[in-house]
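Morning, everyone. Let me put the structure up, and then we'll walk through it.

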Amino acid sequence: MLSPETKEFIQKHKNEDPRALALQGKRYPGVDIREAVTQIEGWQAAKEKLPTWAETDGIIYPPRISMEQCSSEPTALYKAAIAKGCRLADLTGGFGIDCSYMSRGFRETTYIERNSILCDIAKENFALLGHGNIKIINGNSEDILPTLPKQDWIFIDPARRAFDGRKVVALSDCEPDVTALESLLLEKADKVMVKCSPMLDITAATRQLSSIEAVHIIAVNNECKELLFILGKDYGENTQTECVNIQKGNCSSFTFILEEEANSTATYCNGIDKYLYEPNAAIQKGGCHRTLSHKLQIDKLHPNSQLYTSDKLVGEFPGRIFEVERVFGFSKADIKQLQNLKKANMTVRNFPESVQVLRKKLKLAEGGDEYLFATTLYNGAKALVLCRRCNASK
């Protein structure tokens, strides 16, 4: 797909600024500068997002929009650990990251993509990576789905952009519309994995899809990246939700039942004990705050603070754990004492002032080993909690 001159240019300049290179096309008449810049941008993005692919010489990268929309390597590996069987169909192939990793657990894999350019790229890359078990079909998945033989798993990542370029979140606004295809999908496969935006309202999705067996909330380095809905015939009232945070090769997980949160009772306190806990992004998205308090036997500071405390260390807590050094109020005397601190990492949870305003008032620079949480206790009192990070944090 690329000329030898263009390949050589890419290899020589791949660590340089693509925007600057785009202006130098006249200096390299034998080079397809536009395609070279696309490949350099793609490789630079892949270094962080897809390190294994970035280390593989010869990988062809798609235009920027496809690179932005594709899964990262950690989330693709997570999906591959869930789905295994004989036959897999990926109805929205795209750049092919999810298909590539998930195909390892199947004897036969079908990649379907309506964009012919992405199909050509996938064909080149799958051959390079040794994925001989992937069949590539260029076409509209909604037309092809009725003709597919029975699959063990179907994977679908509906496009979250409307025809006019607007970003959309609701399942019924995405393409293809999984809510309209749900029955047909489950006729064609035992299990269906639907990848969705992390912005999607989980409760709303459970009302739109009637066959959800499980929900997976995936965060990477404490940033929520994807929601996965597993559809199947074994769905029931007790939908299991997995809150996952992948960090430095480790995977922290907390499981609860969606219906469980409404029936759980949290315990609250009017003070701060020895340890302070901040849930990770997946827990925050899952909204299982009362369940977390009940299961781990830790006290919640306030219904809206989403911070917890305990006298004994709960090392399995899914999030950051801090050892409390001192608790201040919000009086002028407390503020004056804190002005001697000079530097700290600051977080505001359920507090009337922003981080920026509070930093200015406390004359506090950012950084260092100490952390300051500004929050509200169960009795309504304002608290400034000075603490240090524990190694047990997940």
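The largest nonpolar core has 47 residues. By nonpolar core I mean buried Ala, Val, Leu, Ile, Met, Phe, Trp, Tyr and Cys residues joined through side-chain atoms within 4.5 Å. Buried is under 20% relative accessible area, with a 1.4 Å probe and protein chains only. Leu 91, Val 192 and Phe 229 have the most contacts inside this core.

Keep in mind that this is a predicted model: local features need pLDDT of at least 70, side-chain atom pairs count only at pLDDT 80 or more, and totals for chains, interfaces and linings use all residues. Residues are numbered from 1 along each chain as its sequence is written, and side-chain values use heavy atoms, leaving out hydrogens and water.

What is Val 192 in contact with, leaving aside its neighbours within four places in sequence? Trp 153, Ile 154, Ile 156, Leu 185, Leu 186, Phe 229, Ile 230 and Leu 231. Contact here is heavy atoms within 4.5 Å.

Now the strands. They are DSSP runs of E, at least two residues, numbered from the N terminus. Two of them pair if DSSP finds at least two bridges between them.

Nine strands form an open sheet with mixed pairing, in the order 3-2-1-4-5-7-6-8-9. Strand 3 (134–138) and strand 9 (250–257) are the edges, each pairing on one side only.

Strand 8 (residues 240–247) runs antiparallel to strand 9, joined by eight bridges. There, Gln 247 sits opposite Asn 250.

Further along, strand 13 (residues 319–328) pairs antiparallel with strand 10 (residues 275–279) over five bridges. Phe 322 is the bridge partner of Leu 276.

Notes: Helix = DSSP H or I, 4+ residues; strand = E, 2+ residues; numbered from the N terminus. Buried < 20%, exposed > 50% of the residue type's maximum accessible area, 1.4 Å probe, protein only.
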